[in-house]
Amino acid sequence: MLRLAQVSKTFYKGTINEKQALKDLDLHLEPGDFVTIIGSNGAGKSTLFHAIGGSFLVDTGAIVLDGKNITAMPEYKRSFDIGRLMQDPMKGTAPSMTVEENLALAHTRKAKKSLFAINKRDTEVFREMLSRLELGLEERMKTKVKNLSGGQRQAVTLLMCTIASPKLLLLDEHTAALDPATAVKIMDITREVVAESNITTMMITHDIRSALSVGNRTIMMDEGEVILDIRGEERENMSVEKLLSYYSAKKHKQLADDRILLA
Ligand SMILES: Nc1ncnc2c1ncn2[C@@H]1O[C@H](COP(=O)(O)OP(=O)(O)OP(=O)(O)O)[C@@H](O)[C@H]1O
């Protein structure tokens, strides 16, 4: 489904600030994989997402999505196949448009139509989708998105991403800016939406416990490389403590993450 082969990215090459953020990174995702990604500060997690999403072109290596080489493809073209949800609930939606209009926008993009229109049937479909979130948003379809809470906005953005039926969904700490109770709710919704749509998904998180329980596979990054890739029984038998000891034994230092969540 997604294959990265020998992908490297260096920022500020040839200057005193040179930083190799991705080092000959190899990664292969099967269709339907839900991979959680953890790692120390500056490990290259967001850079990996930017490389896949096309925020910049990588220096070397290849990125292949569903059999198509997208290494040189511009970001806007990749966005038809790659849904992205960021930490900031203000991103990903059009704030001055209503909930319904935002969903319709995503729907129109999927159909690759230029005409933006909402018919009665669309409204009913959107209402049904919203009611399944159990956030009361089905009663607020005419509300401008800027008037929603952060959690409600993230839920709407998540729906917008999945309406477009992307081949790949990238979640970059999408619950990190929410209060703990809302973060749990959005994580539950994420699990449901991803399971229902079976979209291949990657999720960066600082919550190690949920990294080990959400999805079917966990990778740990450090200094631009994948240093651990676990699934199945190995993952089931992994605990937060074991993971941290694995890191210390391999890197001869403690995992440094200023936002790490252990409980
Ligand atoms: N646009 C950029 N320009 C220059 N350096 C960058 C840029 N983006 C990332 N870097 C550097 O690349 C390295 C990897 O950064 P990245 O944001 O991918 O790490 P991360 O694993 O997401 O970290 P964190 O968990 O702290 O957000 C860091 O040293 C960072 O400073």
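Predicted model: local features only at pLDDT ≥ 70, side-chain atom pairs only at ≥ 80, totals over all residues.
Colleague: New topic, the whole chain. How many helices and strands does the protein chain have?
Modeller: Nine helices and 10 strands. The radius of gyration is 19 Å, close to the 18 Å from the globule rule for 263 residues, so the chain is as compact as a globular protein of that length.

Colleague: What box do the C-alpha atoms fill?
Modeller: Roughly 60 × 40 × 35 Å, taken along the principal axes.

Colleague: What share of the residues counts as buried?
Modeller: 39% of the 263 residues.

Colleague: And what share of the contacts joins residues at least 24 apart?
Modeller: 67%, among contacts between residues at least 6 apart in sequence.

Colleague: How many residues are in the largest nonpolar core?
Modeller: The core has 64 residues. Ile37, Leu103, Ala155, Val156, Met160 and Leu170 have the most contacts inside it. Helix α5 (residues 150-163) gives the most to this core, with seven residues. As background, nonpolar side chains tend to be buried together in soluble globular proteins.

Colleague: Take Leu170 from that list. What does Leu170 touch?
Modeller: Phe49, Ile52, Gly53, Ile82, Arg84 and Met202. That leaves out residues up to four places away in sequence.

Colleague: Back to α5. Where is Thr162?
Modeller: Thr162 sits in helix α5.

Colleague: Is Thr162 buried or exposed?
Modeller: Thr162 is buried, because 20 other C-beta atoms lie within 10 Å and the cut-off for buried is 20 or more.

Colleague: Which residues does Thr162 touch?
Modeller: Gly83, Val193, Ser197 and Ile199, not counting residues up to four places away in sequence. Thr162 and Val193 are 31 residues apart along the chain, and their C-alpha atoms are separated by 7.7 Å.

Colleague: What span should α6 have?
Modeller: Its 18 residues, 180-197, should span 26 Å at 1.5 Å a residue. The end C-alpha atoms are 26 Å apart, which agrees. Just after α6, Asn198 takes a positive phi of about 55°.

Colleague: What about α9, what should its span be?
Modeller: The 12 residues of α9 (residues 240-251) should span 16 Å, and its end C-alpha atoms are 17 Å apart, which agrees. His252 follows α9, and its phi is positive, near 55°.

Colleague: Last one. Is Gly232 buried or exposed?
Modeller: Gly232 counts as exposed, because it has 9 C-beta neighbours inside 10 Å and the cut-off for exposed is 12 or fewer. Gly232 lies in helix α8 (residues 232-236). The C-alpha atoms of Gly232 and Thr218 are separated by 10.0 Å, with the two residues 14 apart along the chain.

Conventions: Residues numbered from 1 in each chain as written. Helix = DSSP H or I, 4+ residues; strand = E, 2+ residues; numbered from the N terminus. Expected span 1.5 Å × (residues − 1). Core = buried A, V, L, I, M, F, W, Y, C linked by C-beta atoms within 7 Å. Contact = placed C-beta atoms within 7 Å. Rg over C-alpha atoms; globule rule 2.2 N^0.38 Å.
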